[in-house]
Structures are given as structure tokens and as C-alpha cells.
Amino acid sequence: MSEENTKDLTPEEKPVESKNFIERAIDQDLAEGVYDHVHTRFPPEPNGYLHIGHAKSIILNSGIAKEYGGKFNLRFDDTNPMKEKNEFVEAIERDVKWLGADFEDRVFFASDYFDVMYEKALLLIRKGLAFVDDLTAEQITEYRGDFNTPGKESPNRNRSIEENLRLFQEMKDGKYADGTLTLRAKIDMASPNLNMRDPIIYRVAHVSHHNTGDKWCIYPMYDFAHPIEDAVEGITHSLCTLEFEDHRPLYDWVVRECEFPNPPRQIEFAKLYLTNVVTGKRYIKKLVEDKVVDGWDDPRLVTIAALRRRGYTPESIRTFVELSGISKANSSSDYSLLEYCIREDLKLKVPRMMAVLDPIKLVIDNYPEGQTEMLPVPNNMENEALGTREVPFSRELYIERDDFMIDPPKKYKRLYVGNEVRLMSAYFVKAVSYETDADGKVTVVHCTYDPATKSGLNFTERKVKGTIHWVNAATAGKVTVRLYEQLIDEEKGKLNADGTLNFNPNSLRVVEAYVEPDLMKVKPYQSFQFVRNGFFTVDCKDSTEEHPVYNRIVTLKSSFKLEQPKA
């Protein structure tokens with residue numbers, strides 16, 4: 001029931017909305033006066049392109065802010081300059097905007113707060129809650145213990161406050177090499193939560209930063225920086241994925257001991273997992289570097305940039321996230337659900353055009369030579385609002401190779417010698433003969449047509465069982481078409497025994513196709529349905545005005561069924 005239909009109903013009459021556990025927690029916080037507003041954020045690390053899993057967090061965080069009339073920030077957690085680039089910053093901002101998440105003018109960086117973080121580190125030292133340590137990384141790991149063994153305190157844990165302040169200042173001044181000293185929080189080496197066993201909060205790294213240049217040679221660790229960023233920005237609800245659940249005590253410790261008023265509340269939700277796709281930045285980076293794919297936006301990937309280039313729409317991704325649900329339990333969504341969402345989004349929006357991907361020539365022997373007529377063709381049979389177009393028709397056409405067979409099986413409804421079919425929006429034609437090359441491959445099909453059967457004349461004397469699409473040979477445009485399958489072999493699984501990715505050798509097939517003239521006058525990201533062949537979009541990188549390149553978004557049919565909720 002729409003908002004307009006319910007606005008005059010009493011509270012008792014209005015239907016009860018189903019809310020997820022995050023919304024219920026926020027409702028409780030607002031009702032109890034913990035917060036009087038809602039402010040969320042999406043905090044990506046600019047060390048790669050975003051993928052479909054990040055879309056869930058973007059849509060959730062921005063959606064919650066919109067639902068409660070609050071604010072939403074985009075903030076880059078850029079605390080690791082060794083892996084970060086401006087390229088990634090620009091790509092992330094572009095992706096978040098494309099998904100429709102409105103951060104207005106609120107684009108922030110963790111590095112904007114490096115001075116604040118440094119002062120808070122000094123505060124912890126002065127409170128006796130942080131110390132400078134010279135144990136090696138291996139020693140820190142050894143001293144940490146494990147789930148069955150309590151940790152062992154560093155010999156440096158009880159350094160004086162004065163000495164810690166001096167050493168930390170010297171770290172900042174660049175007197176120590178990378179990896180020689182760290183600043184650690186002093187919490188509890190016997191804690192059952194390993195994250196609380198005196199975690200490192202600063203390390204030495206003589207690396208230029210994409211935002212701050214060479215101002216710093218010490219950088220805060222993510223677990224220290226992240227809660228400070230949230231607190232400085234006034235975030236009320238820090239919504240993050242389940243792997244941070246064990247980090248929540250440290251998050252709360254940092255904002256409490258750094259003496260921030262009105263601390264944010266961290267709430268964890270399950271990640272969005274998609275079957276048989278590559279989402280790990282490490283794997284994608286290697287695919288890009290090894291040129292297995294042609295960049296972070298290769299349409300076989302599920303980065304947001306790749307999905308956009310493939311032809312997915314923001315609406316289809318939002319629907320996918322909604323259908324996948326928000327929960328505390330980890331689960332995987334089937335890739336076919338994502339495909340279902342884009343089919344549902346496009347089927348009434350885009351024109352249905354004729355394109356022949358594996359062409360053979362069809363010659364209508366009794367059609368007047370030199371004659372061309374313009375035939376009206378509906379742009380979308382299911383959506384009359386898209387109108388009609390005129391398509392040229394003459395004696396010589398192209399049809400799909402599999403629309404003619406020499407020895408057809410039973411129930412084959414398309415062309416074979418002696419059989420009659422309708423050419424879509426045109427005439428009945430009957431195959432009378434064919435030509436082959438030296439290898440016996442059909443090159444030309446000859447047929448006759450019946451002028452009385454022209455589409456729109458309500459011909460009723462006889463019926464045909466098959467309809468095939470076509471393009472006019474004389475006016476057809478030639479385009480490149482890319483046909484995609486999953487990058488990963490679905491039957492064999494994602495990884496080989498040695499841990500390498502199990503690639504599908506047929507993940508990309510490139511063909512030259514013939515298309516009707518209107519498909520030559522297109523712009524990047526325009527999408528169409530090619531009759532019987534699927535939904536396609538104009539590639540944004542490789543298309544030119546003279547030679548469009550089309551990426552298949554998705555095929556027309558799938559075995560996927562959306563389960564309806566039981567009454």
C-alpha cells in the first residue's frame with residue numbers, strides 16, 4: 001500500500017511495517033533518548049575499487065539516513081598509504097554517487113583527522129594507557145598468545161609516561177626506521193578477546209600519503225583511527241560487517257578513553273556474499289596486473305564499476321540488496337538473483353531491437369529487386385508507451401544461423417526447406433533451397449514470400465508456428481558484441497587445490513554482428529534488448545561513433561525463480 005493510500009488512516013489501521021534488526025535498534029535508541037537524530041557513514045579504504053558487497057553497505061547506510069531524515073557521510077579510511085591511490089578515491093566517489101547515495105558535500109578523509117588522532121594518542125600516553133614498544137612484529141605475535149593461552153606483557157609495558165612521550169615524539173620526528181617502534185594501547189594481555197591484548201595503535205612508515213604528502217612518518221592503525229573518525233564526525237550509528245564484531249570492545253574503548261562525548265554505537269550485519277564471483281581486492285588486483293581482465297571495470301568482474309560497464313542499473317542493484325536482506329547470519333546470494341533483478345528492471349524500460357549475432361544470408365527470390373520498404377516495428381511489445389520505429393526491408397536479409405536447419409529435429413519451428421515462418425513485423429517466408437561452402441556450411445537460404453501476409457493486415461488463411469528476427473542486408477550496421485559467462489568455473493568451484501582461481505575459459509566470446517540501423521546511432525551505457533539474444537549495453541570504453549561495441553548484460557531466460565513469501 002502506497003504512502004498516499006495510507007496517509008488518511010489511523011495508526012491502528014495502517015499496516016505494520018517489517019523492520020530489520022538495525023532499524024529496531026535505532027528506533028530504541030531514539031525512543032530512549034540515546035540520540036535525537038541519525039547520522040551514518042560509508043567508510044571505504046581507497047586501496048581498490050568497490051564491489052557488489054560494498055554496495056550493500058552503501059545502500060544500507062545511506063538508506064538508513066534517508067529513512068530517519070538524517071545525514072550520510074562518505075569518508076575514506078586512508079590510514080595505509082602503502083596501498084592507497086587517488087585513482088581509487090575518484091572511482092569510489094563515482095560509484096557511491098552512481099548508486100544514488102546522497103552524501104551532499106560531506107566527503108571526508110581519515111587523514112583530515114591525523115592531528116586529532118595524534119593528540120588522542122598523547123592523551124592515552126598521559127593517562128598511562130599507551131606505551132612505546134620496540135618488540136618486533138614476530139615477538140608481538142608471540143607475546144600475544146592465542147585463544148587458549150593468555151598473552152605475556154611486553155618488557156616495555158611499564159615505561160614511564162615521560163619516556164613514552166619522548167619516544168613517541170621522536171617517532172613522529174622521523175628518528176626511527178620502519179618497523180622499529182610502535183605505539184600500543186595498554187589494555188589487558190589476559191583478555192579472552194585477542195583484539196584487546198595491547199593492540200598496536202601507531203606504526204612508523206616513511207611513506208608519502210596521497211592526501212597529506214610527507215607531513216607524517218607515523219600512521220594510526222585502522223582500529224584506533226576508525227572510532228575516532230566516527231566520533232569526530234558525530235556519527236550516531238556505525239554500521240559495519242560481522243568481522244568487526246570482535247573489534248567492537250576496542251572501538252568502544254577508544255572512544256571512551258579518548259574522552260569523546262556522545263560515542264557512536266557500532267552495529268554489525270552480515271556481508272553480502274555472491275556465489276562463484278571474485279570480490280577479494282587482492283585477487284582482483286592480481287587479475288588486473290596479470291592482464292587476465294582489462295581493468296578493475298572488466299565486465300566479468302563484480303566491482304561496481306564493472307557492473308555499471310556491463311549494463312547493470314543502480315535500481316537493479318538496490319533491488320538485489322533488498323531481496324538479499326539484512327541479517328546477522330552469514331549467507332550467500334545466488335548470482336542468478338542479481339541477473340533476475342536486471343531483467344526485471346530492463347524488460348519494460350528498453351527497446352527490443354533486431355540484431356543477428358551469427359549471420360547467414362536470406363534471399364527472398366520473388367521479392368522485387370531494388371525495392372526497399374519501411375516497416376513499422378513496436379519498440380517494446382509489453383510497453384506501448386515506447387512507441388514504434390521504422391525498419392528497412394528488402395530482398396536480401398540476414399538471419400541467425402540456428403534459425404535454419406538442413407535436417408531439423410522434431411518440433412523445430414523455424415526455417416527448413418518446405419517450412420514457412422513469419423519474419424518479425426514483416427511477412428511469411430517459405431524456405432525453398434540453400435547454398436553451402438566447401439565444408440558444407442550453409443551460407444545462403446533461398447525462400448519465397450507471400451505479400452498478403454504483411455504484418456498488420458490481419459492475414460488469417462493459414463498460421464505459422466515460428467517467428468524469427470532479421471536485419472536488412474543493405475542497411476545493416478556491423479558491430480562488435482561481447483558475450484560473457486562467469487569468470488569462475490561454476491561447476492569446479494572458485495579455487496583450485498593450489499589456491500589459484502579456477503577460471504572459466506569461455507568467460508568472454510567476441511563476435512561481429514549485424515544490427516538494424518538505429519543500433520549504430522547510440523551512446524555509451526545505452527541499453528537494449530536484442531530479440532532472443534538477451535539484454536545488451538553500449539560499452540563505455542571501446543565504442544566509437546563509427547563502430548559500437550555491445551556488452552551482453554544478461555541472457556533472456558534463466559531457471560531462477562523468485563520465491564514468493566507464504567501467506
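User: Let's start with K328. Buried, exposed or partly exposed?
Analyst: K328 counts as partly exposed, because its relative accessibility is 37%. Keep in mind that this is a predicted model.

User: Which side chain does K328 meet in a salt bridge?
Analyst: That of E245, at 3.6 Å, N to O.

User: How many salt bridges does the structure hold?
Analyst: It holds 50. Take D297 and R309: their closest N and O atoms are 3.4 Å apart. D297 lies in the loop between α10 and α11 and R309 in helix α11, so this pair ties together parts 12 residues apart in sequence.

User: Are those two buried or exposed?
Analyst: D297 counts as buried at 14% relative accessibility. R309 is buried as well, at 1%.

User: What about R482 and D542, how far apart are their closest N and O atoms?
Analyst: They are 2.5 Å apart, in a salt bridge. R482 is in strand β23 and D542 in the loop between β26 and β27, so the bridge ties together parts 60 residues apart in sequence. R482 counts as buried at 14%, while D542 is partly exposed at 34%.

User: Which residues are linked with them in a network?
Analyst: The salt-bridge network links D294, D297, R309, R482, D539, K541 and D542.

User: New topic. How many residues are in the largest nonpolar core?
Analyst: It has 37. I52, Y312, I317 and F320 are among those with the most contacts inside it. Helix α13 gives the most, with 6 residues.

User: What does I317 touch?
Analyst: Leaving out residues up to four places away in sequence, I317 touches I52, A55, I59, W98, L99, L307 and Y312. There is also a second, separate core of 36 residues, including Y118 and L250.

User: And which residues form a nonpolar patch on the surface?
Analyst: I406, V417 and Y434, with about 240 Å² of accessible area together. I406 is in the loop between β17 and β18.

User: Zoom out. How many helices and strands?
Analyst: The chain has 13 helices and 27 strands. Its radius of gyration is 31 Å, well over the 24 Å that the globule rule gives for 567 residues, so the chain is more spread out than a compact globule. Buried residues make up 51% of the chain.

How values were computed. Residues numbered from 1 in each chain as written. Predicted model: local features only at pLDDT ≥ 70, side-chain atom pairs only at ≥ 80, totals over all residues. Heavy atoms only, no water. Core = buried A, V, L, I, M, F, W, Y, C linked by side-chain atoms within 4.5 Å. Buried < 20%, exposed > 50% of the residue type's maximum accessible area, 1.4 Å probe, protein only. Helix = DSSP H or I, 4+ residues; strand = E, 2+ residues; numbered from the N terminus. Contact = heavy atoms within 4.5 Å. Patch = residues over 30% accessible without salt bridge, like charges linked within 9 Å, V, L, I, M, F, W, Y side chains within 5 Å. Areas by Shrake-Rupley, 256 points an atom, 1.4 Å probe, with all protein chains shown as cover. Salt bridge = Lys/Arg side-chain N within 4 Å of Asp/Glu carboxyl O. Rg over C-alpha atoms; globule rule 2.2 N^0.38 Å.
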